[in-house]
Amino acid sequence: MGDISCSNGISSGNGVNGKSHSSLNGYRKSCWYEEEIEENLRWCFALNSILHTGASQYQDIALLDTKPFGKALVIDGKLQSAEVDEFIYHESLVHPAFLHHSSPKTVFIMGGGEGSTAREILRHKSVEKVVMCDIDEEVVEFCKAYLVVNREAFCDPRLEVIINDARAELETGKECYDVIIGDLADPIEGGPCYKLYTKSFYEHTVKPRLNQGGIFITQAGPAGIFSHTEVFSCIFNTLRQVFKYVVPYSAHIPSYADTWGWVMASDSPFMLSADELDNRIKQRITGENRYLDGKTFSSASTLSKAVRKSLDSETHVYTEGTARFIYGHGSVHQQNQAKLIRNGLMEGTPAKSSK
């Protein structure tokens, strides 16, 4: 969960009464966003202001102006993306699958209401149609209004936005796609998305909607040396029960305070070298990537010895009855709102320290 609180530097339990040894002017005074990443481990950073807060029938939404990471989108108390490094996540999610496909024209995005995934997809010259299916209309409208970087993507005539459950949309629709992307919220206990990480969903819903040579790619949660066993390893193992070729890869996302993982799957092999990927980037993509090129992907898909060994030995298959979850939960409405009120923080105003 994520909390917003003000502090004058006084804390119990750190043995130094909260005083900073590096400060010669007394206590620090600042307002902080704090997220509990796992039990006994929290990640926090200073805020300039709270730009907006709201809630839909599905989830809490907040847009924060943070000091280290710029504007940050927070949904249900979990950081979704930050202005300064979201390009790492979205380039990693989108471009490997599109570059490995011979000529991707039709795309289905599960989730992706932020618009950044659609933005990266629409840079590919071959793309003719992108369907973005997100269950939460208020999140989509919120991101349209507040995330200026994605406004051009939302206005692109190739993009069709559908407000619906992605599972229902794929099950009832007849169209097939060259690439299907899972840009879903993390599988959190009590959250709305964990059923879209299951073997039955991949096998009976996703795979039948892929064209010949089609590729499925999903974000797969934390993939660090310790955190990858939460969901990354079992999502990988689940997909290799369904597809012939499965490639896990990862990248460090500074604002997530961890390495993040993705899994790409297809019944067609992934054969391109780093140089071949670079050639396709030059030929196919409008503009220049900030993060991903051929060598970067080669590095990202070369996991550490410990993670490789763990993935090779993983036996857990993700089902609704045997689901695994990342740490946290999806019900923080009252607590976050109470924090905002208690601290006197109003949207659009600077974050002030308590006296």
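Where is Ser 116 found? Ser 116 sits in helix H2, which covers residues 116–121. Here are some notes to read alongside the model.

1. **Ground rules.** This is a predicted model, in which local features need pLDDT of at least 70 and side-chain atom pairs count only at pLDDT 80 or more, while totals for chains, interfaces and linings use all residues. Residues are numbered from 1 along each chain as its sequence is written, and side-chain values use heavy atoms, with hydrogens and water left out.

2. **The overall picture.** The protein has eleven helices and 14 strands. Both are DSSP runs numbered from the N terminus: helices are H or I with at least four residues, and strands are E with at least two. Of the 355 residues, 53% are buried. Buried means under 20% relative accessible area, exposed means over 50%, and partly exposed is in between (1.4 Å probe, protein chains only).

3. **Contacts along the chain.** A contact means heavy atoms within 4.5 Å. Take the contacts between residues at least 6 apart in sequence: 68% of them join residues at least 24 apart.

4. **The seven-stranded sheet.** Follow the order E9-E8-E7-E10-E11-E13-E12 and you have traced an open sheet of seven strands with mixed pairing. Its edge strands are E9 (159–163) and E12 (245–253), each of which pairs on one side only. Neighbouring strands in this sheet are turned by 15 degrees against each other on average, direction ignored. For such angles, axes are lines fitted to C-alpha atoms (for helices, over the stretch in contact), and the values run from 0 to 180 degrees between N-to-C directions.

5. **Strand E10 and its partners.** Two strands pair if DSSP finds at least two bridges between them. E10 (residues 177–183) and E11 (residues 210–222) pair in the parallel sense over five bridges. You can find Tyr 177 opposite Leu 210 in E11, and Ile 180 opposite Phe 216 in E11. E7 and E10 also run parallel, joined by five bridges, with Gly 111 having Asp 183 in E10 as its bridge partner. Seven of the seven residues of E10 are buried, so this strand is largely enclosed by the rest of the structure.

6. **Strand E8.** E7 pairs with E8 in the parallel sense, again over five bridges. Strand E8 (residues 129–134) is mostly covered, as five of its six residues are buried.

7. **Helices across the sheet.** Helix H1 (residues 86–100) lies across E7 (106–111), E10, E11, E12 and E13 (258–266), and runs at about 160 degrees to E10. Helix H6 (residues 199–206) lies across E7, E10 and E11, running at about 155 degrees to E11.

8. Which feature does UniProt place at Asp 183? The unreviewed UniProt entry gives "active site" there; UniProt positions follow the numbering used here, feature names are shortened, and annotations may be inferred rather than shown by experiment. Asp 183 is in strand E10, and it counts as buried because its relative accessibility is 13%. Leaving out residues up to four places away in sequence, Asp 183 touches residues including Tyr 89, His 90, Gly 112 and Thr 117.

9. **Thr 117 and Ser 116.** Thr 117 lies in helix H2 and is buried, with a relative accessible area of 0%. Its side chain makes a polar contact with the side chain of Asp 183 at 2.6 Å. A polar contact is a pair of N or O atoms within 3.5 Å; within protein, one must be able to donate a hydrogen and the other to accept it, and residues adjacent in sequence count only if both atoms are side-chain atoms. Ser 116 is buried too, at 1%, and its side chain makes a polar contact with that of Asn 150 (2.9 Å). Beyond neighbours within four places in sequence, Ser 116 is in contact with Glu 86, His 90 and Asn 150.

10. **Ala 166.** Helix H5 (residues 166–172) contains Ala 166, which is buried with a relative accessible area of 6%. The C-alpha atoms of Ala 166 and Cys 133 are separated by 5.7 Å, although these residues are 33 apart along the chain.
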